[in-house]
Number of protein chains: 4
Amino acid sequence: MSFNTFGKLFRFTTWGESHGIAIGCIVDGCPPNIQINEKDIQIELNKRKPGQSKYTSQRKEDDNVQILSGVFNGKTTGTPISMIIYNKDMRSRDYETIKNKFRPGHADYTYFMKYGIRDYRGGGRQSARETAARVAAGAIAKKVLEVKIGKKYKVVGAVTQIGILGCDTNNWDDKFITKNSLFCPDKSILKLWEKYLLSIRKAGSSCGAIIELRGKGIPVGLGAPIYSKLDMDFAAAMMSINAVKGVNIGSGMNSAQLTGEQSSDEISQKGKKTKFKSNNSGGILGGISSGQDIIVSFAVKPTSSIINSRKTIDKFGKNTSISVKGRHDPCVGIRAVPIGEAMMHCVLLDHYLMNVAQCKS
Amino acid sequence: MSFNTFGKLFRFTTWGESHGIAIGCIVDGCPPNIQINEKDIQIELNKRKPGQSKYTSQRKEDDNVQILSGVFNGKTTGTPISMIIYNKDMRSRDYETIKNKFRPGHADYTYFMKYGIRDYRGGGRQSARETAARVAAGAIAKKVLEVKIGKKYKVVGAVTQIGILGCDTNNWDDKFITKNSLFCPDKSILKLWEKYLLSIRKAGSSCGAIIELRGKGIPVGLGAPIYSKLDMDFAAAMMSINAVKGVNIGSGMNSAQLTGEQSSDEISQKGKKTKFKSNNSGGILGGISSGQDIIVSFAVKPTSSIINSRKTIDKFGKNTSISVKGRHDPCVGIRAVPIGEAMMHCVLLDHYLMNVAQCKS
Amino acid sequence: MSFNTFGKLFRFTTWGESHGIAIGCIVDGCPPNIQINEKDIQIELNKRKPGQSKYTSQRKEDDNVQILSGVFNGKTTGTPISMIIYNKDMRSRDYETIKNKFRPGHADYTYFMKYGIRDYRGGGRQSARETAARVAAGAIAKKVLEVKIGKKYKVVGAVTQIGILGCDTNNWDDKFITKNSLFCPDKSILKLWEKYLLSIRKAGSSCGAIIELRGKGIPVGLGAPIYSKLDMDFAAAMMSINAVKGVNIGSGMNSAQLTGEQSSDEISQKGKKTKFKSNNSGGILGGISSGQDIIVSFAVKPTSSIINSRKTIDKFGKNTSISVKGRHDPCVGIRAVPIGEAMMHCVLLDHYLMNVAQCKS
Amino acid sequence: MSFNTFGKLFRFTTWGESHGIAIGCIVDGCPPNIQINEKDIQIELNKRKPGQSKYTSQRKEDDNVQILSGVFNGKTTGTPISMIIYNKDMRSRDYETIKNKFRPGHADYTYFMKYGIRDYRGGGRQSARETAARVAAGAIAKKVLEVKIGKKYKVVGAVTQIGILGCDTNNWDDKFITKNSLFCPDKSILKLWEKYLLSIRKAGSSCGAIIELRGKGIPVGLGAPIYSKLDMDFAAAMMSINAVKGVNIGSGMNSAQLTGEQSSDEISQKGKKTKFKSNNSGGILGGISSGQDIIVSFAVKPTSSIINSRKTIDKFGKNTSISVKGRHDPCVGIRAVPIGEAMMHCVLLDHYLMNVAQCKS
């Protein structure tokens with residue numbers, strides 16, 4: 001059971017509401033003697049935090065993380081690592097209008113119907129603010145894997161499509177991603193995206209996005225059949241992120257259109273190196289990593305909180321309409337990049353530990 | 001931890017290899033006093049079994065299931081239900097050629113690298129034969145939900161794309177699906193698909209497919225944030241099926257291209273009924289069922305075992321090539337329909353029980 | 001996997017070290033719409049906190065709990081409840097002497113050997129201070145069960161033996177327990193225990209204790225064979241408490257000496273009430289509650305931190321001796337009463353929810 | 001969740017009823033490349049099987065185990081190992097008398113009240129016959145540990161008390177245990193026990209027993225705080241065995257009577273060896289193995305099925321009496337020795353793998 005816990009051997013449990021006192025998480029199962037400090041985590045959190053550009057929410061959050069346990073003299077001790085991030089810029093008045101109305105496309109209706117009660121302030125638990133806690137957990141997983149696998153280990157995420165505008169992934173440039181606020185990997189499209197986003201925002205609307213994650217330096221053998229497949233866990237991990245509606249591994253949904261010859265990646269050996277001619281599998285065969293780059297992509301639907309008026313009902317069952325005026329991202333997908341990266345780190349570390357337990361003991 | 005177990009409250013554990021003595025599963029957590037017999041399960045198994053048409057594998061398997069425990073006087077007792085299906089038509093000689101070679105696109109390489117040993121006969125544990133066991137588990141979940149929710153509860157799956165040929169889902173006809181061996185929901189495309197498949201087979205090749213599942217009559221409130229989201233569990237469930245590379249919920253990957261107005265389904269009230277104007281969410285908001293139809297689709301890559309020769313390596317690290325001549329499906333996706341349905345039943349029952357525990361106690 | 005998590009449907013995860021910034025826990029799976037506030041939890045914490053009498057540790061801790069999430073307008077929302085208790089009276093200097101030495105009977109040696117690192121301040125994670133977090137979780141479980149089962153539901157714990165001095169459980173008086181600082185249920189022995197404890201403390205030594213828990217008003221049917229037996233979970237729960245070395249259900253270890261006639265409790269019916277002649281089973285048959293009072297007892301070994309000098313080694317493998325002068329309980333067992341009660345509440349709620357899911361849905 | 005599953009990384013799931021077609025289990029998480037065959041398992045099963053002496057049930061069961069999956073060419077493959085044991089000597093007529101009556105001390109009443117249905121034949125799922133399945137799982141765990149730790153690894157169990165007659169554990173003789181059908185470790189008391197048992201049987205009664213398990217050659221560092229303590233898992237494991245009512249680790253319940261000086265085992269170093277002066281801890285400190293012998297004991301209550309008439313009720317709520325005439329053990333505790341050993345193997349392997357994952361990766 002795991003309502004708010006993710007992972008098996010490396011596990012994190014998140015808690016907290018958008019407009020409560022704080023949010024946070026507990027990381028359990030972290031190996032001991034790993035150097036970790038708050039800066040390592042803050043770097044990742046800063047990538048995700050709002051208020052950094054005109055393309056994301058204007059909510060100002062420092063997202064300062066504090067480690068409360070599990071680290072002693074700068075090293076993990078093998079005991080649970082508790083982290084807390086206090087909420088600061090909470091304008092609860094912004095949310096009075098949605099107190100009794102259900103925003104279309106949001107979880108307002110389903111939460112209320114399920115629990116009979118909901119913390120409506122800023123979406124409460126359903127808010128994407130929860131994802132800050134997992135970015136913190138992912139920062140720890142990353143550190144551990146860098147120690148266990150080595151510096152060749154790397155996960156890079158980018159936005160590959162915004163609304164109707166896909167980038168050219170052949171132009172993918174790791175460094176460029178870090179230099180623009182849209183996590184765009186393709187220099188040639190950035191300007192267009194920026195224009196597009198501003199027009200979307202101006203129009204009181206929003207748009208979706210596709211994020212692609214690339215894991216590098218991952219050893220062969222991670223993942224376990226049948227119900228702990230690596231791709232199964234990636235699918236679950238990404239689908240757990242707010243607003244995600246689709247997940248692809250390698251060729252993903254496009255696999256349907258391929259022939260067997262196109263789809264199955266030919267193998268060859270060069271000295272001690274096993275090579276694959278293509279990577280339709282996304283680096284995973286039978287649920288187990290093949291040693292190729294791991295490629296996972298996912299779609300984030302458009303922000304549901306938009307200014308344009310939409311028909312809906314209120315909690316008393318009356319028809320009404322709603323226009324949401326808060327400080328929302330025109331494209332929530334953008335900030336999903338560090339979240340996706342964090343989830344990939346966590347899944348990989350979990351499977352790394354499982355593989356050690358079953359096959360390297 | 002759950003290498004071979006799926007589910008939380010309603011759980012099944014599968015076991016068995018393609019060419020071992022038998023395969024089977026244990027269903028744990030099934031409510032008591034549900035009428036169940038082998039026929040109920042056999043009906044579902046028969047949908048999946050090979051050798052039924054020229055479009056699927058010619059392996060002949062009766063797939064006769066036997067219940068070994070957990071049912072007394074025709075009713076479940078609340079104790080584990082063990083089911084066994086003996087393997088019959090095992091031509092192990094077919095697989096001598098792949099004993100030492102790794103089939104591209106298959107898990108041969110990764111299993112061997114992970115475990116240092118593999119049962120190569122028919123793919124061993126990695127074979128899609130494992131899915132028969134989950135179809136059996138799904139048959140039980142279906143029976144339970146029909147009792148708990150009532151006869152309005154229904155899951156229908158169909159193939160909506162074969163290779164490059166998508167059907168028109170506006171023509172979806174539940175009854176037609178049961179009358180053709182391709183699980184095609186659109187009468188207008190069936191003939192074309194049949195021709196296409198025969199040509200693919202003749203060419204010694206294979207093709208992919210997309211399967212769509214529709215769940216009806218599902219109450220609002222199933223699913224639980226954050227890491228037991230209903231769509232997260234569907235994504236995991238479908239991605240656990242052999243050869244699946246992508247999963248969509250509702251508008252899925254296409255959500256990226258929508259605007260907020262298009263994507264978020266407007267809500268209205270008519271008397272006691274809550275209605276949604278569209279169903280881009282696939283019946284799930286914030287990980288919780290909204291009462292709409294649940295729509296999940298997934299892509300199955302082309303069969304990797306094809307006659308056409310492909311480059312690969314053997315277990316000694318030598319370059320070689322392979323042509324797989326066994327009795328393989330030209331499009332494994334077709335038989336994935338009852339498997340997907342089974343997984344949907346299992347996920348829904350699991351969440352049904354969880355919801356009862358947390359919110360209806 | 002559950003290094004720091006307890007429970008299945010009602011789960012809590014604890015974190016924190018004795019001399020870190022704070023300790024705390026997250027409660028997950030709590031049903032919604034239960035009235036809860038910090039006072040409800042504080043009452044239980046106050047029973048456990050140190051510095052309340054001359055028979056327990058003189059460490060002064062307010063143990064003020066703060067709820068950080070999961071409660072909105074005074075009611076649970078079904079989302080995780082995060083609670084924090086800041087550490088205050090930390091005299092880390094007290095522990096400099098044990099920085100490099102392993103206290104006999106403590107986990108110093110095993111933690112160091114396992115993890116290669118340990119937070120030695122106050123025992124770090126191994127300190128009984130962790131138990132405050134579970135008392136907080138137990139307070140919530142108690143509230144939920146009082147709502148779900150009703151006010152007849154009650155768990156009462158008491159100390160029934162201190163060192164060599166057992167009380168007469170026939171004199172058990174619920175009210176008296178709350179009126180003395182030793183949780184003594186038998187007025188006739190209290191004075192003797194107090195004298196004994198003072199002499200033990202004066203002698204620089206310590207002693208063990210036995211705690212008995214009585215659960216009342218528990219419905220028949222809680223617990224689940226085979227590996228979720230109610231008594232199995234009680235045994236695990238109690239053995240997870242620091243310094244506990246033995247657990248009995250009903251007649252417990254004494255069952256060995258009984259005959260079948262003595263041991264098996266005869267059953268009779270009076271109107272609608274099922275009665276049992278005796279209660280050797282401790283209210284549990286085949287792992288399922290019978291409707292009788294549930295009786296669980298456990299032994300707590302003497303405090304290992306004593307003033308009297310003991311032989312040991314240091315972390316460099318050198319023989320040495322140790323005399324521990326901190327503010328230790330002469331009998332840690334006494335403060336185990338509210339901890340045992342908390343664990344019983346948690347186990348019962350967990351099984352209550354499981355039973356609802358499987359058998360009442 | 002784990003109604004019928006035990007373990008975390010090394011897991012087994014049992015199924016089957018006393019008088020169904022068969023019983024069995026699935027072992028999941030077993031490391032690959034371990035040599036295992038049916039004989040290895042049969043040896044352990046033979047220790048447990050009934051009908052071997054006049055002191056145990058006369059039911060004749062070959063208890064022949066068959067491995068259905070997970071082993072290829074004599075070695076484990078890392079995939080689930082399914083094992084089946086067919087039921088043979090089922091005299092269901094023996095149980096007609098108990099069809100509607102609840103045997104005092106048995107789970108008849110609680111199963112019926114919980115599930116509303118029960119397979120009364122031979123106790124159905126509640127029968128100790130289920131334990132054969134876990135002995136099979138334990139045999140595999142034993143093999144794995146002998147490979148991983150080496151031949152110094154050993155678990156030996158014995159009966160140390162039958163009814164009111166305790167043996168002298170100072171006379172413990174490993175070899176003698178294997179030479180008598182009562183698993184008696186003390187030659188001096190065997191005759192007396194035999195006489196006692198015959199008199200108990202003759203009197204139509206039954207008696208309880210205490211079993212002690214000794215684990216040797218176990219490395220320091222197994223076990224994990226807080227809720228995966230090694231002793232916690234032992235307590236759970238033993239309490240999951242039918243009729244067990246109490247569990248002790250090391251000095252167990254007697255710890256209450258000790259002083260701190262007596263209880264905490266002094267430590268010393270001799271060259272590279274760490275020594276303990278005594279073993280009150282039972283080889284476990286803070287939930288982690290210390291490298292000493294692990295000592296676990298547990299009490300088994302008397303067989304509840306006795307010939308002597310006992311008052312009870314039937315399923316219609318009428319008062320009645322019952323005399324159970326089947327082929328029951330006068331002291332079920334005796335056959336609990338191989339079961340306890342099996343559970344100890346399983347817990348140790350589980351923790352061995354967990355320790356590797358967290359601390360040796």
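Select G246(A) and N248(B): the bridge partner of G246(A) in β11(B) is N248(B). This is a predicted model, in which local features need pLDDT of at least 70 and side-chain atom pairs count only at pLDDT 80 or more, while totals for chains, interfaces and linings use all residues. Residues are numbered from 1 along each chain as its sequence is written, chains are lettered from A and ligands numbered from 1 in the order in which they are written, and side-chain values use heavy atoms, with hydrogens and water left out.

Strands (E, at least two residues) and helices (H or I, at least four) are DSSP runs, numbered from the N terminus, and two strands pair if DSSP finds at least two bridges between them.

Next, show the whole contact between chain B and chain A. With contact meaning heavy atoms within 4.5 Å, chain B supplies 104 residues and chain A 103 residues. The buried area is about 8,300 Å², and carbon and sulfur atoms give 61% of it; this is the accessible area (1.4 Å probe) that two parts lose on being put together, summed over both.

Now pick R310(A) and E266(B). Their side chains meet in a salt bridge (3.5 Å, N to O), defined as a side-chain nitrogen of Lys or Arg within 4 Å of a carboxyl oxygen of Asp or Glu. Between chain B and chain A the count is two salt bridges.

Move to residues 108-115 of chain B. This is helix α2, which gives the most to the side of chain B that touches chain A, with six residues. By class, that side has 46 nonpolar, 44 polar and 14 charged residues. Here Ala, Val, Leu, Ile, Met, Phe, Trp, Tyr, Cys and Pro count as nonpolar, Asp, Glu, Lys and Arg as charged, and the others, Gly among them, as polar.

Turn to chain C and chain D. Each of these chains gives 103 residues to the contact, and about 8,300 Å² is buried between them, 61% of it on carbon and sulfur atoms.

Which side chain of chain D meets E266(C) in a salt bridge? Select R310(D): the separation is 3.5 Å, N to O.

Finish at residues 244-249 of chain C and chain D. Here three bridges join the two β11 strands, which run antiparallel, and N248(C) stands opposite G246(D).
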